[in-house]
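Here is a walk through a two-chain model, with the cut-offs spelled out along the way. Have the viewer open while you read.

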Amino acid sequence: MTAPVVTLASVTKYFRSKQRQVTAIDGVSATMAAGRITGLVGPDGAGKTTLIRLIAGLLRPNAGKVEVLGFDTAHAAQKIQASIGYMPQRFGLYEDLSVFENFTLYARLRALRGTAREARFTELMDFTGLGPFRDRLAGQLSGGMKQKLGLACALVHPPRLLVLDEPSVGVDPVSRRELWSIVETLVDDGVSVLWSTAYLDEAERCHDVLLMNEGKLLHAGPPGPMSADLAGRTYTFALAGMDKRTIIPRLRQHPYVMDVLIKGGGVHLLLTHEPNDTQTSELMEELGLDAGDLHPEPPRFEDAFIALLKEPDVRPLAQSPAPADAPIPLHHHTASTLARTGPVIQVEHLVRRFGPFRAVDDIGFFVARGEIFGLLGPNGAGKSTTFKMLCGLLPPTDGKALVLGIDLRKAAAAARAHIGYMAQRFSLYADMSVSENLTFFASAYGLGGNARSRRIADALEEFALGDLAQVKSAQLPLGYKQRLALACAIMHEPGVLFLDEPTSGVDPLVRREFWTRINTMAADGVTVLVTTHFMEEAEYCDRLGIIYEGKLVALGTPDQLKSEHRTREQPSPSLEDAFIELIQTYDREKGHEAR
Amino acid sequence: MRPGDTSLPDTQKSSSGSAGLRLFGLVYKEALQIIRDPSSIAIAFVLPIILLLLFGYGVSLDAKHVPLGLVIEAPSPKTSDFAAALSHSEYFNVIRLPDRNKAITAMLSGRINGIIVLRSDFARKLYSASGAPIQAIINGTDANTARIISGYVQGAWQTWLIHYNLDHGQSITAPVSVEQRMWFNADIRSRNFLIPGLIAIIMTLIGTLLTALVVAREWERGTMEALLVTPVRIDEILLGKLIPYFVLGMGGMTIATVMAVWVFGVPFRGSVLALIGVSSLFMLAALGMGLLISTLARSQFVAGQVAIIIAFLPAFILSGFIFDIASMPGLVQLLTHIIPARYFVAALQSLFLAGTLWQVLLSNSIALAIMALVFLGVTRMRTSKALE
């Protein structure tokens, strides 16, 4: 076996700010084998980017040693950088330079000139399919094309090690698949690849996985055996008309159940141990089902991650409590004064143009009271624009966008009192404490006096933030930040809740906890509209609208969407399969330009 | 050759050839970005021209046509003679007012900037030993203008007195008169010293503000990170920024000089080579500051704020461009010594208005060279290929 391309020996890295010291990498030891795809997997804040920068020689460890291609990054960063290709987040492209000019810059930096450069350019353009866009400015490329150009720039001089920092963030699923096949070709040619990702489903495609959480390495090795340990513990059953909003919390409380996940019309279960026949029938009887309804399912990487996180000795401190321990008695005024029997959200022939560009092109859908409705689509598809029009932040060019029967642009104050909004990056005041943030948002919604004190006390209790009331929100772990953001958004007990990419980047436990709360609120009659580009999040929705290039290309429950794309080759397509199928059909019908 | 094929000839050796190619690549990229970025064009070309037009045509520190109230308590041939003399001066716009109270009201309302009162005993006391009483009340809100007006009034009075005495064959009992000659700027046009000083402001804008912004932009957009993980060296990255913005700054200097001489008629009495030399030194100091700021501030917002506070405002206020350094408080005068623009403004004003004065040029050039070395040296030491 050849020498490893990367060796990490008890690597520790911390960052000091004014008073605090944050440990980003905590004593990580690992190796990365040559000629394989190694996935660096973990939620946001796990330390993936720091580790990648340590490997690229952009940071020096405070303790331990990082060796890349046989060189120590502390002394020979220059040598390492001459032999690796690196694509940072957001791809490191000059948006005001064209495809060709970006490539030429990186080629010159790697001392490639003349005909050799021309040849390499042609070759990489063919390889990535960017050929027709040679003179287009990088800023005007789609997310997927930017990603391919970033990759081409990292491959200018064929690297021995290719380091990709979250290459699939903000990229549509079609481009994501293309990127995978490009990278797999590279590996066949002998390149070693380090691929960091927060998407757990990508881990399964890697040869090896380094699983990180909060600066610690939880697991190293091929992903297969990791989930294989859970064999016999994962099951699925069909909901068949049962109310998932009540069944999920009950299952979470069950002693045998480690994890519950809604998947379309079914429920995915991870049990604490491999059950015997009496235990399975016991479990099913409690739900009023037959033991025969429970079907074994192969464990997935995410199950393995959950299992690892829930092991008490591995599980780092300051993690959020398991969702099962947090029953959520949210006392919502079920009936908002404006609520009617008709749809709560009503969108008809909605159009928004920016110059000649139709960002939203004739979209229409309804959302009923207590429904969780998801807008799914790649970045730039028009989700956020639709969202902004519904929130009254942007005037539509044409058509209707009504919430509770009101055009938010015209009767803003009246309607906004019934709407909660949680922005993508949690719009919290970082230098204010938890209780100061809550107080501010309560005041902003016009709550005062006793009502305000009562709501703040309720929120601290409901979201288990009481002990942290005086902590600055910047210092909260990500999961708590998210809870606080949600608490702030529902300070005024809104009847409608808008969530913009609510859980991208958080770990699966935090995501489950979040959705448990949202489900409870929906059961209480709150209407929820979510945007996401994240298939997993889409599974939580009652109904989905798929938006692509400003158009609503499909509408239905997750199960309907999947079943419409069931083929002989793919008897049980995932939501992502369905999505890709939809987009490809759309592109074909439109005779779309090469992606 | 497959995309992942690693059999390319090894061109990684850091021979001088590939170093030159890397540097060329960086400079070329920067040039493309300057051309395409409207904000670079605005700071490098549009802003200088606006400043030039503003200072050339708009702002003037000269006091001309100052509205002046004239109160004559007892009209006589002598008082009308003086009033006529005053009215003929291009410095004043004389408004006759009936009495002192009206004049004070006019001054309070801002219609006039000063009051001249010729008392009722003006004619009688003209030849007395104590001299004729004329009272001048000047709006002192703007001390600078007040001093200028007061000087003009005194001058006008003395001139009139001399002429009057000569015309009437009286013995000259007027006080000692001072004859003034303005050197270097005989017309006392403020434009003549403002516009050369403006070159320092323009070069500070390009060298410090623009440079700090573009480096911060590379950090913000993540392109710096991608650059750092290539065989490129720190010196190449720094030179890749220095060279294009040096050229841009010298271009700004040329535009300003050409406009100064051909559009605004400012004299240029020194040597062009000396101008290029001292401008280059200042440009290096300004670029050094810009790059130093960008090693500390990695967001465009912070970089912009810092550049304005530590480079642009001092260049404007403390360089002697508008406000005379010699009349500043001692402590502030001391402070001006660490401001590169101060030396450059002094050198520019002497090159334009006085000629190539080597003793002025040399001392200022040495100061600029030291500052350029310090700023660039500290920047080089503080920059590394690590992200911290």
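The report below goes from confidence and layout to sheets, a helix, a single residue and the contacts between parts.

## Ground rules and confidence

This is a predicted model, so keep in mind that local features need pLDDT of at least 70, side-chain atom pairs count only at pLDDT 80 or more, and totals for chains, interfaces and linings use all residues. Residues are numbered from 1 along each chain as its sequence is written, while chains are lettered from A and ligands numbered from 1 in the order in which they are written.

On pLDDT (the predictor's confidence in each residue, from 0 to 100), chain A averages 82, and 92% of its residues score at least 70. Among the elements of chain A, helix α13 (residues 412-416) has the lowest mean, 70, and strand β7 (residues 161-164) has the highest, 94. Then there's the stretch 312-340 of chain A, where pLDDT is below 50; beyond near neighbours in sequence, that stretch has 52 contacts in the model. A contact here means two C-beta atoms, placed from the backbone, within 7 Å. Where pLDDT is low, the predicted coordinates should not be read in detail.

## How the chains divide up

Domain bounds come from an automatic or database domain assignment. Chain A is divided into domain 1 (6-223), domain 2 (229-315), domain 3 (349-418 + 495-590) and domain 4 (424-493). Chain B is divided into domain 1 (24-58 + 189-382) and domain 2 (66-167), and the centres of those two domains of chain B, taken over C-alpha atoms, are separated by 46 Å.

Chain B holds 14 helices and four strands. Both kinds of element are DSSP runs, numbered from the N terminus: helices are H or I with at least four residues, strands are E with at least two. Of the 388 residues in chain B, 37% are buried. Buried means 20 or more other C-beta atoms within 10 Å of the residue's own, exposed means 12 or fewer, and partly exposed is in between, with C-beta atoms placed from the backbone. Among contacts in chain B between residues at least 6 apart in sequence, 79% join residues at least 24 apart.

## Strands in chain A

Strands count as paired if DSSP finds at least two bridges between them. The hairpin of β4(A) and β5(A) has two residues between the strands, and A:Leu69 takes a positive phi near 50°.

Further along there's an open, mixed sheet of six strands in chain A, in the order β20-β21-β22-β17-β23-β24. Its edge strands, each pairing on one side only, are β20 (419-422) and β24 (551-556) of chain A. Inside the sheet, strand β17 (residues 372-376) and strand β22 (residues 527-532) of chain A pair in the parallel sense over five bridges, with A:Leu375 bridged to A:Thr531 of β22(A).

## A buried helix and a buried valine

Helix α11 (residues 301-310) of chain A is largely enclosed by the rest of the structure, because eight of its 10 residues are buried. Among them are A:Phe301, A:Phe305, A:Ile306 and A:Leu309.

How many other C-beta atoms lie within 10 Å of A:Val209? There are 30, so A:Val209 is buried. A:Val209 is found in strand β9 (residues 208-213) of chain A. Leaving aside neighbours within four places in sequence, its contacts include A:Gly39, A:Val41 and A:His219. A:Pro223 sits 14 residues from A:Val209 along the chain, with 5.9 Å between their C-alpha atoms.

## Where the parts touch

Between the chains, 40 residues of chain A are in contact with 33 residues of chain B. The largest share of the chain A side, five residues, comes from α3(A). By class, that side has 22 nonpolar, seven polar and 11 charged residues. Ala, Val, Leu, Ile, Met, Phe, Trp, Tyr, Cys and Pro count as nonpolar, Asp, Glu, Lys and Arg as charged, and the others, Gly among them, as polar.

Within chain A, the centres of domain 1 and domain 2, taken over C-alpha atoms, are 36 Å apart. Their contact takes eight residues from domain 1 and six residues from domain 2 of chain A.
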